[in-house]
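The following exercises concern a single protein chain. Please examine the sequence and the structure before reading the solutions.

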Amino acid sequence: MTLRKVNISILIVAVVIFLLVIHHNFISLSDFLRRELSDPSPLGLQPIDFIPAAPQRLADERNDKEIPVVIAASDERLGGAIAAMNSIYQNTRANVVFHIVTLNDTVDHLRMWLRIPPLKNMRYRILDFDPRVLEGKVQVDPQKADKFKPLTFARFYLPSFVPHAEKVIYVDDDVIVQGDIVELYNTPLKPGHAAAFSDDCDSTSSKVAVRGAGNQYNYIGFLDYKKETIRKLAMKANTCSFNPGVFVANLTEWKLQNITKQLEKWMALNVVEELYSKTLAGSITTPPLLIVFYKQHSSIDPMWNVRHLGSSAGKRYSPQFVEAAKLLHWNGHFKPWGRTASYAEVWEKWYLPDPAGKFNLIRRHSEAYEAK
């Protein structure tokens, strides 16, 4: 009888210990998940929303390999980002996941737009960009503070948006993709290169002269060669520049070379020394990229960034060429959703009306838009 009581006591103790272990593990898991979901990264970039998978029927129709695409989405240009994503999504069978970088006050508007039928099965992740990341790295003119666009710097922080990816595509919001995005993703990058851009001297990109010294297609158009810091870099002033509105990044190399820190260094130096050229209406995102990637980048197919469609209201390309282009880019002041722009009818094929009715009003007040 005594032995039976001892066995029962041992059993009860064992059960209690087992339950305590389970409870401890559950608490640890809960804490881990809570940290993963709520703690902002050191950069102030915080995941807000994520749709992990499309319905099984759609998943079966699309390829398994995940293609990460990063795009910035500001509220006043949200229609552009929606059209760009729609064109990418509809023209591929690949398993594309969009990493949409935005500001906190745009999230509800964006989420509403993404729920409409053409996009509701699209996979995406929304990230909040904290402008405080740029403190001390960007000098904002108090008289032009309303024109400062912090999201233009989102491309500098790619590893923070897609930390586990090996490669990623970045696109501006003023593009339309007519080819299969997989082709762009498969762009070969040379060993040691962290990114592939479209050179401004390529055969499809007309050279756009800018009043004053320098041109938009070479380094002197972006950097002030009168400054000693620039001259010491020994970068030839007539070196062909590249367009950072569309590019493919090797994030393994990006992190290995600490590209983000290098970009931040040149941003901060510019605040002190004013290293950027004034001939391109104050471009502040392209110059640090040109410095960091000087003769250290691969090239994408020119047809994957047919640009300058927004440089004027006139048409610079033939209809046949526009139709053949894999990606159309309205860089410049004349956005297809704003003032009269060339080939706006191509863009409108992919635009999806704003369910909140806000973007249409903005289109009628196009002077609020400016070139990147």
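**Exercise 1: The chain as a whole**

Of the 372 residues in the protein chain, 49% are buried, where buried means under 20% relative accessible area with a 1.4 Å probe, protein chains only. The model is predicted: local features need pLDDT of at least 70, side-chain atom pairs count only at pLDDT 80 or more, and totals for chains, interfaces and linings use all residues. Residues are numbered from 1 along each chain as its sequence is written, and side-chain values use heavy atoms, without hydrogens and water.

Task: state how many helices and strands the protein chain has.

Solution. The secondary structure comprises 13 helices and 10 strands, taken as DSSP runs (H or I, at least four residues; E, at least two) numbered from the N terminus.

**Exercise 2: The nonpolar cores**

Task: identify the residues of the largest nonpolar core that touch the most other members.

Solution. Step 1: a nonpolar core is a set of buried Ala, Val, Leu, Ile, Met, Phe, Trp, Tyr and Cys residues joined through side-chain atoms within 4.5 Å. Step 2: the largest has 55 residues, and V69, F98, I100, L114, I169, V171 and I181 touch the most other members. Step 3: helix α3 (residues 78-90) contributes the largest share of this core, 8 residues. Step 4: a second, separate core of 45 residues includes A154, A195, L290 and Y294.

**Exercise 3: The setting of S342**

Task: determine where S342 is found and whether S342 is buried or exposed.

Solution. Step 1: S342 is in the loop between β10 (327-329) and α12 (344-348). Step 2: its relative accessible area is 1%, so S342 is buried. Step 3: a polar atom of the S342 side chain lies 2.8 Å from the backbone oxygen of L309.

Conventions. Buried < 20%, exposed > 50% of the residue type's maximum accessible area, 1.4 Å probe, protein only. Polar contact = N/O pair within 3.5 Å; in protein donor to acceptor, adjacent residues only side chain to side chain.
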